[in-house]
Every structure is written in structure tokens, then in C-alpha cells.
Amino acid sequence: MAAPVRSVLPVVLLGCGGVGRHLLRHILSCRPLHANQGVAIRVLGVADSSSLLVADDLHSNGFDDALLADLCAAKSAGSPLSSLLSRGQCQLFNNPEARRKVIDTASVLGKTTGLVLVDCSATYDTVGMLKDAVDRGCCVVLANKKPLTCAYEDFEKLVSNFRRIRFESTVGAGLPVIASVTRIIASGDPVSRIVGSLSGTLGYVMSELEDGKRFSEVVKTAKSLGYTEPDPRDDLSGMDVARKALILARLLGQRISMENINVESLYPSEFGPDAMSTKDFLESGLVQLDKSIEERVKAASLKGNVLRYVCKIESTGCQVGLEELPKNSALGRLRGSDNVVEIYSRCYESAPLVIQGAGAGNDTTAAGVLADILDLQDLFHKTA
């Protein structure tokens with residue numbers, strides 16, 4: 001028998017790509033578990049890049065499970081949200097009206113039942129909506145890193161009420177990196193340094209190079225396995241790692257921006273997207289990088305070290321790039337697409353706190369987002 005409902009969490013989801021769809025599927029598959037815990041998640045709206053599908057009655061139970069399952073199937077097939085209008089129980093709003101409707105929904109529910117605005121998109125365009133939602137007393141959960149890595153004032157605004165925001169999945173997917181850092185800081189133990197391999201893609205590439213494989217071959221294999229973005233330069237540029245590093249640096253109190261981070265790209269500017277197509281880069285550009293990467297791998301090996309693409313956050317600054325590390329270190333032992341983070345503080349000075357595990361993938365990231373949503377349940381109105 002299900003437990004009495006103690007917490008009802010109304011949710012509006014921004015972004016129904018891979019992570020967003022996996023989140024909806026997790027919500028559906030966990031219904032029995034959540035019912036036994038006395039928790040109900042009600043999805044009241046789902047937005048993609050062009051429109052918003054929202055429940056007719058914001059104070060209802062939201063979309064039924066059949067509609068949510070059909071929504072996931074429709075978006076997986078590339079169909080628009082408008083294809084679901086015939087199901088009833090919902091309305092459709094196109095941009096820019098859709099953005100206004102999100103704020104209207106936040107205004108209504110922020111004063112009554114509360115609302116969790118979940119950002120699983122990959123755009124900077126949600127920043128305004130998120131800040132407005134915060135102003136209206138709503139909670140925010142982020143898988144999207146970009147709102148936390150734009151202007152520092154925006155970051156400060158979003159985290160101004162730390163009880164109402166969760167962003168664990170922005171760094172390391174479902175790994176408890178953010179939670180660990182914030183707990184250490186809250187205990188009065190100052191974090192002095194964070195070192196991490198925070199890209200599953202680059203972690204895989206670097207570990208495969210140890211076996212003598214060519215850089216171009218490894219990158220192409222990673223792409224075929226679905227580890228990279230459609231254009232692998234999105235990973236090889238290091239910018240995704242830099243965004244994660246910036247979030248961690250700001251969490252430590254550093255008032256810095258992307259411009260303050262020294263980022264090493266694994267390809268020269270003449271091979272960049274503005275100068276070369278993805279096809280040309282894969283067919284002729286990559287192979288030209290083999291020799292220089294091979295030389296660096298061999299130089300590290302002669303010293304008993306390995307190459308890893310890491311971020312280093314210290315009081316003196318933040319940098320992202322290739323580092324030579326001992327083979328027997330936590331980062332040196334890393335294989336495959338796992339993430340590893342080392343956190344140094346007064347209590348963890350000689351032996352850092354090490355967090356390791358799957359740090360990429362839509363399924364893992366979505367599970368982290370769902371855990372963040374549930375972590376907010378005590379802030380919501382209880383029912384009898």
C-alpha cells in the first residue's frame with residue numbers, strides 16, 4: 001500500500017533532449033518507489049527550444065503518465081510538441097509567448113503550491129526565466145551548466161537562496177561532487193584545491209593513448225561509441241571542462257569568469273569550426289595532430305607518468321589542460337569514461353577526498369537531476 005502523500009512537487013521541464021527525456025522516464029519508472037515514500041512529482045509543463053506544452057489546470061495532477069510516455073516517444077522521433085495537442089489536457093505556447101507562460105506559471109505556483117523549474121537544456125537563453133523564477137520563490141534544478149557560467153551576477157542571483165537551488169548534475173553527472181564540496185565548506189574546513197578529470201570523453205581518449213593508439217583513431221572510435229559531441233571539437237576544445245571548473249571555482253568563492261580560466265585546446269585555431277568543417281577535421285585535420293600528441297604521451301611515459309586532461313582549481317587561479325601525472329595516482333589509474341575528482345582541504349590535506357564513477361551519459365545525468373528534485377521535497381506544502 002502506498003504511503004500517505006506528504007510532499008507534492010510540481011515540475012516544469014525546460015529541454016526535452018536526451019537528458020530531459022531520460023528524466024521523464026525516470027519519473028515514470030519510479031512512481032511506485034516515490035508513492036511508498038509519500039512523494040508525488042507532478043509534471044505541469046515541458047518545453048523544447050521552440051514551444052511549451054503546459055497542463056490546462058496548473059493545480060491539477062499535471063500530465064498523466066500515458067501522455068508523458070507519448071511525449072518522450074514523440075520527441076525521440078523528432079516530432080514537435082504540437083503533435084500531442086490532440087490528446088487534450090494541455091495547451092501549447094510558441095516562443096516568445098512560451099517564455100512568458102513559464103514566468104506566469106512561476107508567479108502563480110510560487111505563491112501557492114511552489115514550483116520546481118528544471119533546466120535540462122543546453123542554452124544560455126534560460127537564464128532570464130530562471131532568475132525570474134527565483135524572484136518568485138520557486139526552486140531551480142539544473143543539468144544545464146551555462147546559466148551558472150555566464151556573468152558572475154547571474155550566478156550570484158541564482159544561488160542567492162541556496163536552499164532552493166540544486167545543480168549537482170552540472171559537474172560529474174550524478175556524482176556527489178557539488179554536495180561534497182558544499183558540505184566540507186559548511187563544516188568550516190576551507191577547500192584549498194580541487195583537481196579533476198571531468199570529461200568522460202577526454203578521459204577515454206587519454207587512457208586509450210597509453211596503449212600506443214593514434215590520437216586520430218581514438219577520437220574517431222570515441223565518436224562511433226557516442227562518447228563525443230557530433231563535432232568532436234566541442235569536447236577537444238576543453239570548454240565543457242572549463243565550464244565545470246568555473247562552477248566549482250565560484251562555489252569556492254572565486255569571483256571569476258571564463259576569461260580568467262587558462263584553457264588548453266587539443267587542436268590549433270586553424271582547425272577550428274570557423275576554419276574547417278567537421279567532415280574535413282575528421283578526415284584530414286585529426287591525423288595532423290597525431291605526431292604532437294604521440295610525442296607528449298611518450299615524454300610522460302619515459303618519466304613513469306601518463307597524460308590526463310584535468311582541471312586544477314587553486315587560490316592562485318584555475319586552469320584546464322593536459323597534465324603529466326603518476327601512473328599510480330587516482331587520476332593516473334583512471335580508465336575509460338569515468339570521472340575522478342580530488343578535493344583538498346585542511347582535513348583532506350595529505351590524503352584528498354576522492355570521488356570516482358560514471359561522470360557522463362544521459363541516463364546517469366537524469367538520475368542525478370531526479371535526486372536533486374527529490375532533495376527539495378521538504379520545502380513543499382504537505383498534504384494530509
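Domain bounds are those of an automatic or database domain assignment. For this chain the assignment gives domain 1 (7-173 + 364-379) and domain 2 (186-359). The structure is a predicted model, in which local features need pLDDT of at least 70 and side-chain atom pairs count only at pLDDT 80 or more, while totals for chains, interfaces and linings use all residues. Residues are numbered from 1 along each chain as its sequence is written, and side-chain values use heavy atoms, with hydrogens and water left out.

The C-alpha centres of domain 1 and domain 2 lie 30 Å apart. Contact (heavy atoms within 4.5 Å) involves 17 residues from domain 1 and 16 residues from domain 2. Between the two domains an area of about 1,400 Å² is buried, 67% of it from carbon and sulfur atoms; buried area is the accessible area (1.4 Å probe) that two parts lose on being put together, summed over both. On the side of domain 1, Thr149, Tyr152 and Val171 lose the most area to domain 2, and together they make up 40% of what that side buries.

Two salt bridges are found across the interface of domain 1 and domain 2, a salt bridge being a side-chain nitrogen of Lys or Arg within 4 Å of a carboxyl oxygen of Asp or Glu. A salt bridge joins the side chains of lysine 145 and aspartate 240, with an N to O distance of 3.2 Å. Helix H6 (residues 152-158) supplies three residues, the largest share of the side of domain 1 that touches domain 2; helices are DSSP runs (H or I, at least four residues), numbered from the N terminus.

Conventions. Helices (H or I, at least four residues) and strands (E, at least two) are DSSP runs, numbered from the N terminus.
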